[in-house]
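Please keep the sequence and the structure in view while reading.

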Amino acid sequence: MWRRPGPGRLPLLGLLLLLLGAGAAGARGAGEPDDPHYPQGEHRADYDREALLGGQAEADEYEKLSPEEQQKRLKAIIKKIDVDSDGFLTENELSTWIQMSFKHYAMQEAKQQFVEYDKNSDGVVTWGEYNIQMYDRVIDFDENTVLDDAEEESFRQLHLKDKKRFEKANQDVVPGLSLVEFIAFEHPEEVDYMTEFVIQEALEEHDKNGDGFVSLEEFLGDYRRDPTANEDPEWILVEKDRFVNDYDKDGDGRLDPQELLSWVVPNNQGIAQEEALHLIEEMDLNSDAKLSEPEIIENQDLFLTSEATDYGRQLHDEHFYHDEL
């Protein structure tokens with residue numbers, strides 16, 4: 001089943017700075033063992049700084065800016081987030097901005113990858129070039145030949161799925177993918193014509209009885225409760241709760257194609273909303289459920305001055321702070 005490569009949450013960049021970063025592949029619930037925001041259920045304060053900010057290269061670039069330029073760019077970003085120009089950033093405005101940033105960085109990453117994969121620089125990435133970039137050689141498996149070694153067979157299945165997705169992304173008769181088609185291959189969740197493919201791929205993997213739906217049992221996969229255990233392990237309880245409360249919207253005990261889509265494609269909207277609410281909670285000094293520019297500036301150091309902080313990309317990414325945007 002295809003899952004979006006998870007960038008790990010975007011940088012919260014100073015809030016705004018976009019703040020936030022791109023969600024991991026699939027939203028995690030607070031308190032899960034692998035949840036970096038709430039390890040063992042405890043809130044980790046420095047996560048917010050790390051989440052909002054970018055990598056070391058961005059940190060180095062940011063530190064070169066004068067304090068005046070830092071604040072100037074930050075204010076320009078705040079102005080862009082404030083769509084209705086009322087002087088406040090609402091949950092919806094923050095969430096919308098964060099979702100936009102997710103897509104922007106995903107597209108930028110895909111464009112950079114395209115150049116790397118296009119070995120002969122002819123503007124098209126062929127299946128052979130994709131293999132060479134990924135595996136240093138062209139791999140060709142027989143679709144009808146099952147391999148004896150379990151690991152090799154697992155890889156064969158994944159490779160064949162990649163090939164099917166590659167072929168689906170190609171909309172014309174020209175062999176290989178253009179930049180637009182390559183983006184559809186890397187990020188099918190962003191392209192309407194790939195939606196049906198994503199759903200069908202998920203059904204092929206999880207719909208064991210072929211009824212066109214995914215039941216709770218199918219959702220949990222190969223899990224079987226230990227007969228000596230009194231209850232299911234914590235992770236199973238979490239997954240069951242997600243199935244019932246997050247994905248099975250009509251409560252019929254199974255996931256239809258649209259409900260399935262909300263599971264297999266990361267829900268950036270939910271991640272962005274969660275982060276927006278958290279930012280307001282941390283920075284809203286007068287408890288009016290929205291952020292003013294003074295409140296953001298007042299809390300600037302919380303996110304931008306710490307050795308534990310990676311500074312966000314947006315203060316030095318013209319796409320976000322440039323006036324013409």
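## Basis of the description

Contact here means heavy atoms within 4.5 Å. Helices (H or I, at least four residues) and strands (E, at least two) are DSSP runs, numbered from the N terminus.

The model is predicted, so that local features need pLDDT of at least 70 and side-chain atom pairs count only at pLDDT 80 or more, whereas totals for chains, interfaces and linings use all residues. Residues are numbered from 1 along each chain as its sequence is written, and side-chain values use heavy atoms, with hydrogens and water left out.

## Overall composition

The protein contains 16 helices and 4 strands. Of its 325 residues, 43% are buried; a residue is called buried under 20% relative accessible area, exposed over 50%, and partly exposed in between (1.4 Å probe, protein chains only). The accessible surface of the protein comes to about 17,300 Å², and 48% of that surface belongs to carbon and sulfur atoms. These areas come from the Shrake-Rupley method with a 1.4 Å probe, and for residues only the protein chains shown count as cover.

Contacts across the sequence can be summarised by separation. Among contacts between residues at least 6 apart in sequence, 62% join residues at least 24 apart.

## Helix α8 and its cover

Helix α8 spans residues 179–186. In α8, 6 of the 8 residues are buried, so this helix is largely enclosed by the rest of the structure. The buried residues are Glu-181, Phe-182, Ile-183, Ala-184, Phe-185 and Glu-186. Their cover includes α5, α6 and α7.

Helix α6 (127–135) has buried residues of its own, namely Trp-127, Glu-129, Tyr-130 and Asn-131. What covers them includes α5, α7 and α8.

Two packed helices are described by the angle between their axes and the distance between the axes. Axes are lines fitted to C-alpha atoms, for helices over the stretch in contact, and angles run from 0 to 180 degrees between N-to-C directions. Angles under 35 degrees count as roughly parallel, over 145 as roughly antiparallel, 65 to 115 as roughly perpendicular and the rest as oblique.

Helix α5 (residues 91–117) packs on α8 at an angle of about 115°, and the two axes are 10 Å apart; α5 and α8 are therefore roughly perpendicular to each other. The crossing of α5 with α8 is right-handed: a crossing has this hand if the near helix is turned clockwise from the far one by less than a right angle, and is left-handed if anticlockwise. From α5, the residues Met-107, Ala-110, Lys-111, Gln-113, Phe-114 and Tyr-117 meet Leu-179, Phe-182, Ile-183 and Glu-186 of α8. By class, this contact has 7 nonpolar, 1 polar and 2 charged residues, where Ala, Val, Leu, Ile, Met, Phe, Trp, Tyr, Cys and Pro count as nonpolar, Asp, Glu, Lys and Arg as charged, and the others, Gly among them, as polar.

Gln-113 belongs to α5 and, at 18% relative accessibility, counts as buried. Apart from neighbours within four places in sequence, Gln-113 is in contact with Phe-182 and Glu-186.

## Packing of α7 against α8

Helix α7 (150–169) and α8 pack at an angle of about 140°, with 8 Å between their axes. The pair is therefore oblique, and its crossing is right-handed. Asp-162, Arg-165, Phe-166 and Ala-169 of α7 meet Glu-181, Ala-184, Phe-185 and Glu-186 of α8. This contact comprises 4 nonpolar, no polar and 4 charged residues.

## Packing of α9 against α12

Helix α9 (residues 195–206) and helix α12 (residues 257–264) cross at roughly 90°, and their axes come within 10 Å. They are therefore roughly perpendicular to each other. The residues of α9 in this contact are Thr-195, Val-198, Ile-199, Ala-202, Leu-203 and His-206, while those of α12 are Pro-257, Gln-258, Leu-260, Leu-261, Trp-263 and Val-264. The α9–α12 contact divides into 9 nonpolar, 3 polar and no charged residues.

Asp-136 follows α6 and is found in the loop between α6 and α7. Although Asp-136 is not a glycine, its phi is positive, about 65°. At 71% relative accessibility, Asp-136 counts as exposed.

Ala-289 lies in the loop between α13 (268–283) and β4 (291–292). Ala-289 also has a positive phi of about 65° without being a glycine, and at 52% relative accessibility it counts as exposed.
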